[in-house]
Amino acid sequence: MSDSLSGIAPDHWPALIAVLLGVPVTGYARRAVWRRADRGVAWAAALRDQWASRPLTVRWAVAGLVVTAVVHVALPLGHHGSPLMTALFLGSGVAYAVLAAQAVAGRRWRVATALLMVATIVAYLTVVGQGGEEADQVGLATTLDELLVLGLCLLPQRAPRRTMRRVLLRPLASTTLVLAVVLSGAVAWAQFAHQHDDHGVTAASGSGDHDHGEYLARAQAGVILRPGAGPPTEEQQRAAADVAERTKVSIGKYQDYRVAVAAGYSLEGPQEGLQLHFTNKAYANDGRILDPQAPETLVYAGEHGRIVLLGAMYQMPRPDLQGPAVGGSSTRWHTHNVCFTLLPPGLGIVSPYGTCPFGAFTVTPGEMIHLWTVDPPGGPWVEHLPEPWVRDLLARQGLPR
Amino acid sequence: MSELTQPTVVQPPVAVPVPGGRADVAYVLLLGQAALGMLASLGVLLLMAGNPVYLVAPLLHATLLFVLASFVARRRRWAWWGVVVLEALSLAGFALNLLIGLLPQVDMTLNLVGLLTQVGLPAALLWQCVHLLAEGKRT
């Protein structure tokens, strides 16, 4: 097991620490109030009675509201953003705390909480979607907390007397919660995929993408990307270019995929697509690392009866070994956090909320790196190729399959 | 003196459904778990070229969770037992996954949200339903 703390943006550490510290502090404060209540202090007794009279759903919602309030109030400690953003964080944090107090006091809180929760989740996903920041573990965990509170405040209480309003409202609230979870996760996923593509281009071109990804070891949505360092030195650039050139020469003979198959490479995964991986198991554990004469995998694009060699993929034999970054930050190794399903056997990507389908195992293989030998935009070490560009290449240079 | 001759009778607690109680918390958590499973199934579809065979198990699991959620909220004991078994299996699966991660060929990456959804959520559900069963037995 590794990378337990991966995917937490440095900006968000203060918020996480505040929540972790908040748990014992809240427990201590609760005990102090209860002790005063036992001694007959009126306000403490009233507060304890109010708390005890609240249904468990409300108490859970209050706990969730306090967590998200603490996160929002603590975010400006790490986020050195604009004064407006700071004010919004503080304002929403105070609003959540006020709503929690309203809920404890038995006043109206559900509608305002639901609206504020939806607004917060939409705003967060919009910021993430526009590239304002990368969805990290603290952001996603807070979103989960907010979704839980949303579900608890939307859910009408089951009452002995069933009214038509309750009968209709319950399925509606349930559907809203399920859709909110799936949609928020799908949006975060799409954004991860987009940023994963961008990273390759920016890292390779040297321009750099200055969201969290440059210094954050990501562990979201199936991709674990090692943190980048500063720009590569001239020596590193030369070394990377040398490996790229030698690989291009070495795998040139595999333009026809049948030659690769005859040499021991076999197709794994989908039979059609813009990235087909032909792996040579004999090279997987041969002790040779980043050897242009024996790349572990060849990558082809193949669909509609045509196929073209895109390049190679080098892979480390064990997950506890780091790949040699010969080109510094221009050669960033990555791995995948994948779901291995048993019924039927197959692979999937771990969701942004860290889940796999029921019955699937989460596995992380050894680090890997792509080396494209077809002069793509972004250079040979770019992480991901633009699909339109690959389709165009396949149409122009693809061989009959 | 009269207190001695006329002892006070303590009424046994009456079993009444508690609005907004544990059962409703478990209901919301089960809906969330079902939704998380459905989201995860999209990740398998993506890698397995949209093959719908891979949707069967996740959809069956999500349906089971929806059914259990519905009956948990209606305070059916069998549904509470069902959740206890299912969540115990989930936690056992997580423990097994940790062991698999010790193999030299593969690793297991665990992060904050993974801990919340793979450990926190099943544990919370297990806790709620065990308490519901215990409270049901007492009353």
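Helices (H or I, at least four residues) and strands (E, at least two) are DSSP runs, numbered from the N terminus. Read from that end, chain B has the element order α-α-α-α-α.

The model is a predicted one, in which local features need pLDDT of at least 70 and side-chain atom pairs count only at pLDDT 80 or more, while totals for chains, interfaces and linings use all residues. Residues are numbered from 1 along each chain as its sequence is written, with chains lettered from A and ligands numbered from 1 in the order in which they are written.

**Stop 1: the two chains**

Select chain B. Its secondary structure comprises five helices and zero strands. Of its 139 residues, 42% count as buried, a residue being buried if 20 or more other C-beta atoms lie within 10 Å of its own, exposed if 12 or fewer, and partly exposed in between, with C-beta atoms placed from the backbone. Two residues are in contact if their C-beta atoms, placed likewise from the backbone, lie within 7 Å. Among contacts in chain B between residues at least 6 apart in sequence, 72% join residues at least 24 apart.

Select chain A next. This chain contains eleven helices and twelve strands, and buried residues make up 43% of its 401 residues. For contacts in chain A with a separation of 6 or more, 67% involve residues 24 or more positions apart.

**Stop 2: confidence along chain A**

The mean for chain A is 85, and 88% of its residues reach 70 or more. Strand β6 (residues 306–315) of chain A has the highest confidence in the chain, at 95, whereas strand β1 (residues 218–220) of chain A has the lowest, at a mean of 54. Now select residues 198–217 of chain A: pLDDT stays under 50 there, and the model has 54 contacts beyond four places in sequence for this stretch. Where pLDDT is low, the predicted coordinates should not be read in detail.

**Stop 3: the domains of chain A**

Colour residues 10–201 of chain A as domain 1 and residues 222–400 as domain 2; these bounds come from an automatic or database domain assignment. The C-alpha centres of the two domains of chain A lie 40 Å apart.

**Stop 4**

Which residues form helix α2 of chain A, and how far does the helix reach? Select residues 42–53: these twelve residues reach 16 Å from the first C-alpha to the last, close to the 16 Å expected at 1.5 Å a residue. The expected span is 1.5 Å times one less than the number of residues. The number of buried residues in α2(A) is zero, so the helix lies largely in the open.

Move to helix α6 (residues 137–154) of chain A, which has 18 residues and reaches 25 Å, close to the expected 26 Å. Here 18 of the 18 residues are buried, so α6(A) is largely enclosed by the rest of the structure.

**Stop 5: I8(A)**

Select I8(A), in the segment before α1 (13–38) of chain A. Is I8(A) buried or exposed? I8(A) is buried, because 22 other C-beta atoms lie within 10 Å. Leaving out residues up to four places away in sequence, I8(A) touches W13(A), L16(A), D136(A), Q137(A), V138(A) and L112(B). Draw a C-alpha to C-alpha distance from I8(A) to L140(A): the two are 132 residues apart in sequence and 9.9 Å apart in space.

**Stop 6: a hairpin in chain A**

Select strands β8 (residues 338–342) and β9 of chain A, which pair in the antiparallel sense over five bridges; strands pair if DSSP finds at least two bridges between them. A hairpin joins β8(A) to β9(A) through two residues. C339(A) has G348(A) as its bridge partner in β9(A). Four of the five residues of β9(A) (residues 345–349) are buried, so this strand is largely enclosed by the rest of the structure.

**Stop 7: where the chains meet**

Show the contact between the chains, which takes 63 residues from chain A and 49 residues from chain B. On the chain B side, α2, α3 (53–73), α4 (77–100) and α5 (112–138) each supply at least two residues. The largest share of that side, 19 residues, comes from α2(B).

Methods
pLDDT is the predictor's confidence in each residue, from 0 to 100.
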